[in-house]
Amino acid sequence: MNKNQFAQTPPMGWNSYDYYDTSVTEAEVKANADYMAAHLKQYGWEYIVVDIQWYARGAGSMRDRYQYIPFSELEMDAYGRLLPDPDRFPSSADGAGFGPLADYVHSLGLKFGIHIMRGIPRAAAQAHLPVYGTDVTAADVADPFSISRWNPDMYGLRDEKTSQAYYDSIFSLYAQWGVDYVKCDDICNTNAYPLNPYSAEHEVEMLQTAIQKCGRPIVLSLSPGPALIEKAWHYEKYANMWRITDDFWDDWALLLNMFERCELWQNHVKPGCFPDCDMLPLGTLGKGFGQEWQCRFTRPEQITMMTLWCMFRSPLMLGAEMTKLDDWTLSLLTNREVLTLLQDGHHGVQVQRTADYAVWGNYSDAGVENQEESGLYVALFNLKDEEAEVSVSVDELADAFPMETAAVLYQRVGANGGLKLRELWSGETEVSLLNETECRAFTECGTTCCQVERMGVSTDGTCISATVEPHGAKLFRIL
């Protein structure tokens, strides 16, 4: 199997963590799956992901003291393979595992995913449980010196051939259950070891090997970030998604920082390989953390987040309790023209970035082939704390695009007699007219593949410009 075929466009779905933390139940997962099937599936949303500690009995019961209870009882089989807690996931009883819940999600036309921690349960190693299909035990393959600094459940696996058998055994089980997506944690950046932050590199390789052996096309997502840019080639070879930030929440400072991270990773987005900006903390959040709250981003900031994630082409994983989504938030998640940016053949590129503003472009390969459809987009971001004018010249935008795409841009401007734009969040159309000489220059420039001289006519004054709210964004499609 070619892992790049598993997710040719950025995965879109829901993850239980931002609302439930460790405490989500089967009934709550089903309720969110029902909502997605009814309201979001038609727009491309399809993954339902159960996040951390679905195997831990009593998870969340001591939240005032611990996020992850030390030495808690973990549900597992005789081979040290974790199983769902039957108190929270009653259909998993009698060895059924997540099979019945996955079947339910699949019956809605959706896909099912789970979170795992890298490695093998410490309890399995301490009990010397056998590794399925081998004559070795969990104690033989566990590395007691490889641990998470924030979760007490697991040991990493030794970098030895015998360790592969454990990952093979759990992915064989996940394939039997019908799992479509696995988010593996404490692996993208093993931040307990600052001198060796990619210390589980061999485990990433083992995970993909196990997926190939299980025979089921399971999307592999790596967490937490920040991912290491010098290891981009490795993430691309073995994973489908990798987090480029630590946990992302509804805080403007964190969102502002994402512009730098997207700039760093923009050239590594391609089919089957998606740098991940993390979950969308929209709507109602936080119940499992002890205090439910509404997204703390302003509406302009929420538009900025959605615009940047889509222009960059990050995976979209919603963190809200979906059954509590309001109409405005739902409209952000169901804007078809914006979500078009995630389709195969689209490419995002940063055009400019300063302390005060940023500009991104996005273009489609289809726009070069189909002159009826330019496939060109530009996003203007105001990073200031007050309303501001943000602009980019046609020439600056063209310089950021490949030559063939820049030619299409100039041709469209010339053919339309100026800039004709539609703002995709408001639906408003704007036109900026050129004189006859300028129109001819743009058209001829496009025809001759963007000559530097541009037929002797300056186009520096032709700009895409907008007044943008504080921390807000305008997203234009060039018509």
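Modeller: Start with a cut-off: a residue is buried when its relative accessible area is under 20%. The model is predicted. By that cut-off Cys273 is buried, because its relative accessible area is 1%. Cys310 is buried too, at 0% relative accessibility.

Now the sulfurs. A disulfide is a covalent bond between the sulfur atoms of two cysteines. This structure holds zero of them. Cys273 is in no disulfide: the nearest cysteine sulfur belongs to Cys188 and is 13 Å away. For Cys310 the closest cysteine sulfur is in Cys277, at 10 Å. A disulfide needs the two sulfurs within 2.5 Å. Therefore the sulfur of Cys310 is too far from that of Cys277 for a bond.

Side chains of opposite charge can pair when their charged atoms come close. The whole structure has 24 salt bridges. One of them joins Arg216 and Asp180, with the closest N and O atoms 2.7 Å apart. Arg216 sits in the loop between helix 7 and strand 8, and Asp180 in the loop between helix 6 and strand 7, so 36 residues separate them. Arg216 is partly exposed at 24%. Asp180 is buried at 9%.

Another salt bridge pairs Glu263 with Arg353, again with 2.7 Å between the closest N and O atoms. Glu263 lies in helix 9 and Arg353 in strand 14, so the pair ties together parts 90 residues apart in sequence. Glu263 is partly exposed at 31%, and Arg353 is partly exposed at 34%.

Glu337 and Arg422 form a salt bridge as well, with the closest N and O atoms 2.5 Å apart. Glu337 is in helix 12 and Arg422 in strand 18, so this pair ties parts 85 residues apart. Salt bridges with shared partners also join Arg57, Glu73, Glu75, Asp85, Asp87 and Arg88 into one network.

Strands pair too. Strand 1, residues 12–15, runs parallel to strand 13 and is joined to it by three bridges. Strand 1 also pairs with strand 2 in the parallel sense, over three bridges. Trp14 has Leu318 as its bridge partner in strand 13, and stands opposite Ile48 in strand 2. Both faces of strand 1 are covered: Met12 and Trp14 are buried on one side, Gly13 and Asn15 on the other.

Note on methods: Residues numbered from 1 in each chain as written. Predicted model: local features only at pLDDT ≥ 70, side-chain atom pairs only at ≥ 80, totals over all residues. Heavy atoms only, no water. Buried < 20%, exposed > 50% of the residue type's maximum accessible area, 1.4 Å probe, protein only. Helix = DSSP H or I, 4+ residues; strand = E, 2+ residues; numbered from the N terminus. Pairing = 2+ DSSP bridges. Salt bridge = Lys/Arg side-chain N within 4 Å of Asp/Glu carboxyl O.
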